[in-house]
Amino acid sequence: MRIKTKDDRRVRIQLRQRKRIAGTKDRPRLSVFRSVSHIYAQVIDDLTGETLVSASTVEASVKGARGGNLKGAEAIGKVIAERSIEKGIKRVVFDRSGFLYHGRIRAVADAARKAGLDF
């Protein structure tokens, strides 16, 4: 795979990570994606290929959270943790989707840990 853009590089890192990270029913994968203006999080069972829980700053239910900043990322981390715990999911594997672990990605992880998820 030839790297031409930053997105190509991120996809290459993401594929390399995905070889080691897999979500199961007991410990699903918490995948995070960030765009310029929003942030999205999903809890995925890779064995069945289904999304168990999801949250994003696009949703109207996430009040006062704008996705392009740290406050929005923290809100998504809290919401995804609450929804996961409601479904009985307490342990997850964190998947940063090729993004560096800092800024908004780290804020989502820290907020989810603080709200009760165990990685």
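Close-up 1. D46 counts as partly exposed because its relative accessible area is 30%, where buried means under 20%, exposed over 50% and partly exposed in between (1.4 Å probe, protein chains only). The model is predicted, with local features needing pLDDT of at least 70 and side-chain atom pairs pLDDT 80 or more, whereas totals for chains, interfaces and linings use all residues. Residues are numbered from 1 along each chain as its sequence is written, and side-chain values use heavy atoms, without hydrogens and water. D46 pairs with R29 in a salt bridge at 2.8 Å, N to O (a side-chain nitrogen of Lys or Arg within 4 Å of a carboxyl oxygen of Asp or Glu). D46 sits in the loop between β2 and β3 and R29 in strand β1, 17 residues apart. R29 is buried, at 6% relative accessibility.

**Close-up 2. Salt bridge between R18 and D95.** The closest N and O atoms of R18 and D95 are 2.7 Å apart. R18 belongs to helix α1 (residues 6-18) and D95 to strand β4 (residues 93-95), so the pair ties together parts 77 residues apart in sequence. D95 is buried, at 0% relative accessible area, while R18 is partly exposed at 29%. A network of salt bridges links R18, R29, D46 and D95.

Close-up 3. R106 and D110 form a salt bridge at 3.7 Å, N to O. Both residues lie in α3, 4 residues apart, about one turn of the helix. R106 is partly exposed at 45% relative accessible area, as is D110 at 34%.

Key: Helices (H or I, at least four residues) and strands (E, at least two) are DSSP runs, numbered from the N terminus.
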